[in-house]
Amino acid sequence: MTTTPTPTPAPASTRGPTSALTGTGPLLRLALRADRWRIVVWALAVAWLTVVSVQSYDDLFGTPELLASRATLISSPAATAMAGPGYGLDDYTLGALVANELALWVMIPVAIMAVLAVTRHLRQPEEDGRLELVRSAPVGAAAPVVAGLLAAAVGVLAVGATTFVGLLTTDLDPAGSALMCASVVVVALVLAGASAVASQLAGHARAASSLGMAAIGVAFVLRAVGDVRGPQSTSVWTWLSPFGWSQATAPYTENRWWPLAIGLVATTVSVAVAFALAGRRDLGRGLLHERPGRATGRLRGVVGLTWRRQRTSILSWAAAVVLCGALVGLLADAITDFVADQPTFDELFGAGDPTASAFALYSVFLGVLAFAYATTAVGAVHAEEVSGRGATLLALPVQRTRWLGAQVGLAAVAAAVMLLVAGLVMGLTAAASLGDTSRIAPLVGAAAVTIPGVLCVLGVAVLVLGLVPRAFVVVWAYVAYVGVMAMFGDILPDGADAGSPFTYLPALPADPMSWPPVVACTLVALVAVALGLAAFRRRDLQA
Amino acid sequence: MAPEQRFDDAIIASELVKTFGPKRALDGFDLRVATGEVHGFLGPNGAGKSTTIRVLLGLIRADEGEVSLLGGDPWRDAVALHRRLAYVPGDVTLWPTLSGGESIDLLGRLRGGLDPRRRADLVERFELDTTVKGRAYSKGNRQKVALVAALAADVELLLMDEPTSGLDPLMEALFQEVVREAAGDGRTVLLSSHILAEVEALAQRVTIIRAGRTVQTGTLAELRSLTRTTVQVGLRDADGARAALAERVHDLRSDDGHLTFDVEATALDEVLAALPAHGVTSLVAHPPTLEDLFLRQYSDELDALQVPER
């Protein structure tokens with residue numbers, strides 16, 4: 001969007017010079033005002049979880065011996081793929097452990113927050129028509145973009161600073177904590193910059209945030225591959241990923257600040273590209289143009305409509321879940337070799353099979369992705385209702401239970417199918433890498449046994465939608481809780497994970513199969529969905 | 001249309017109350033719409049028009065009061081009743097990735113099919129490009145999509161909530177034409193609006209809502225008896241004119257050779273005929289606005305003129 005400045009002199013009432021940045025200050029204040037609670041919640045949640053995790057690691061691995069055995073465990077390729085480049089494994093301290101195993105999982109949510117903030121400030125106001133109103137005021141063309149990016153940066157910095165303050169209460173070296181928090185901030189800024197470019201390319205806000213999320217996924221996979229191929233950031237793959245740059249700082253061990261310069265340069269370049277692109281597009285349109293649709297429709301009903309609306313989301317999430325399954329399967333031989341080389345494992349874990357334990361954890365990770373998808377699907381139902389499209393359909397001879405049921409049913413089926421396919425792919429790739437076809441069935445089973453847990457989370461989402469739709473954000477809090485508990489429940493205080501279905505489900509293939517929790521979780525899920533549907537039938541539709 | 005319905009009221013609502021937190025959106029509201037009529041539903045923004053229509057659609061449930069729609073309960077029998085009605089919201093949101101044509105056909109199929117000839121005819125007359133994606137339509141074009149979908153359906157009742165918002169004057173005229181055709185086919189129309197002229201052009205009977213209450217209901221003729229034109233006239237002989245008009249007009253005020261008064265539509269001819277004798281120097285007349293009408297509803301001196309409620 002370019003403005004053509006007219007040569008007429010500014011009216012006498014205009015105070016001060018005007019530029020492309022005029023109005024940035026008020027717009028930034030507005031954006032921060034809209035975001036203030038979001039920023040507070042993110043900052044406190046991230047800082048709290050980080051501090052609690054550090055303390056738990058400290059409690060669990062309090063002695064050098066325990067830390068050394070932990071280092072052995074975490075240097076397995078499968079663990080490396082989910083952790084980091086493995087600095088300081090020879091002398092594994094609490095700091096080295098935190099930088100290696102925890103830092104990535106602080107970076108990811110903050111990066112997600114940054115991506116969502118950028119599209120929310122850069123594209124959503126265009127779609128709503130708010131930006132038209134803003135731009136009609138004496139506001140420079142670049143001001144909304146600058147204000148939006150600054151608001152996202154302020155949010156990221158607030159999270160980083162709060163986390164740093166929280167870490168001061170732990171035994172960790174403050175200098176290392178400062179570097180780790182700076183690394184978190186920088187990787188989030190890089191992805192915010194990438195998201196700013198995506199916001200110029202995409203045709204609409206939702207596509208822009210999807211592109212930003214895909215960038216996070218690609219960056220994660222690049223560093224996973226890189227860290228497995230070359231420890232301590234020696235692989236080229238690691239250096240292709242912003243996570244790789246931020247993890248190469250090696251807080252608490254090497255304490256290098258220079259890799260952050262790469263991230264800052266990348267951020268600057270992508271923001272500059274975003275500004276250049278912003279000048280080339282029209283308000284409300286992306287640079288990638290949309291094709292016209294068909295003049296007549298073939299959609300027949302609610303299910304068809306839901307599939308049409310959700311298919312991109314379903315297929316992208318399925319691709320992510322299946323890709324993760326394949327990655328784990330391909331690493332199966334590396335995991336097994338690693339275990340065979342480490343006789344201390346038997347002493348450490350008794351009769352347990354560490355390979356099976358690793359697969360059990362990865363299967364739950366697939367489940368976490370699947371219920372995150374399922375929650376977005378129920379969130380989309382809520383968005384349909386609030387937008388008025390729900391009312392348009394429910395003013396037709398369409399039963400409420402059918403409208404909601406079809407969407408929930410599709411989400412449940414899609415989540416189950418993506419898990420089964422991912423389990424099968426994980427089994428097949430593991431069988432291929434190990435030359436052992438007996439691996440296939442247990443791994444399909446391991447993925448399948450997470451389905452009741454996924455359905456429980458889906459049930460909670462439907463229940464909240466039916467009873468208190470205004471509080472739908474609670475569902476996301478529950479999703480974050482279950483995700484953290486499923487992945488890190490072992491290191492967190494006892495009983496903290498009591499509200500997560502995955503606490504009760506058997507951790508296949510490490511544990512023996514146990515039907516009662518599977519049946520119980522399925523029943524809980526069915527009851528929650530039924531209650532949610534019944535409540536939805538009885539309540540007023542939201543306007 | 002079932003013959004036994006023809007002589008019944010299509011909509012009967014009595015004593016409706018609906019609260020949203022502390023706000024009483026409907027506060028003892030009454031509405032009767034006879035089968036086959038175009039019923040105007042007038043009120044300022046926030047008066048409770050949309051809330052009423054959402055109650056009639058069974059999207060929300062009234063806290064108190066009785067509602068009957070096409071002989072059924074709009075909350076309990078929602079699905080069965082929706083086969084027989086179509087709804088046009090005032091602010092249409094479409095599926096951003098579906099083209100207008102896809103949205104029209106989806107809505108038609110969910111209702112049990114629409115008349116393809118009527119669809120084609122309406123698309124042509126409204127000059128709607130059906131290949132445009134939902135997110136790319138302007139407000140007026142989104143409105144057209146909803147209008148085509150509703151008017152192409154074979155239904156007994158049309159519930160329209162400020163359906164012409166965003167339409168240009170040409171399309172507004174076309175809208176009036178197609179609603180007249182629908183009424184000619186024997187359909188009942190509840191047309192909510194805050195534009196008096198639109199309702200005057202289409203409706204046989206009118207209900208006026210304000211602050212969740214029915215303030216007026218009656219035929220258009222009855223309503224017109226309440227509508228007055230405000231006239232400001234400059235006169236060389238203002239005092240003489242004042243004496244001559246005093247019995248025929250309302251709110252007569254004089255100010256430095258100018259007279260300002262309100263005059264009933266029925267007395268307009270007589271009053272204007274009387275003016276030239278007193279030397280007219282300027283004349284401004286403006287028609288009654290809906291707001292004037294509401295103001296009148298609350299003006300004690302005019303209570304006597306109120307049309308008895310049905």
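**Chain B sheet and the A–B interface**

Six bridges join strand E10 (residues 228–235) of chain B to E13(B), and the two run antiparallel. This is a predicted model: local features need pLDDT of at least 70, side-chain atom pairs count only at pLDDT 80 or more, and totals for chains, interfaces and linings use all residues. Residues are numbered from 1 along each chain as its sequence is written, with chains lettered from A and ligands numbered from 1 in the order in which they are written.

Reader: Which residue in E13(B) stands opposite B:Thr230?
Author: Strands are DSSP runs of E, at least two residues, and helices runs of H or I, at least four, numbered from the N terminus. Two strands pair if DSSP finds at least two bridges between them. Opposite B:Thr230 stands B:His286.

Reader: Which strands of chain B stand at the edges of the sheet?
Author: The sheet is open, with four strands in antiparallel pairing and the order E11-E12-E10-E13. Two strands each have a single partner, so one side of each is left without a neighbour in the sheet. They are E11 (250–255) and E13 (280–286).

Reader: At what angle does helix H9 of chain B run to E12(B)?
Author: H9 (residues 238–245) lies across E10, E11 and E12 (258–264) of chain B. Axes are lines fitted to C-alpha atoms, for helices over the stretch in contact (C-beta atoms, placed from the backbone, within 7 Å). Angles run from 0 to 180 degrees between N-to-C directions. The angle to E12(B) is about 20°.

Reader: Which element gives the largest share of the side of chain A that touches chain B?
Author: 27 residues of chain A are in contact with 30 residues of chain B. Helices H13 (302–330) and H17 (389–394) of chain A each give two or more residues to that side of chain A. The largest share, five residues, comes from H17(A).

Technical notes
Contact = placed C-beta atoms within 7 Å.
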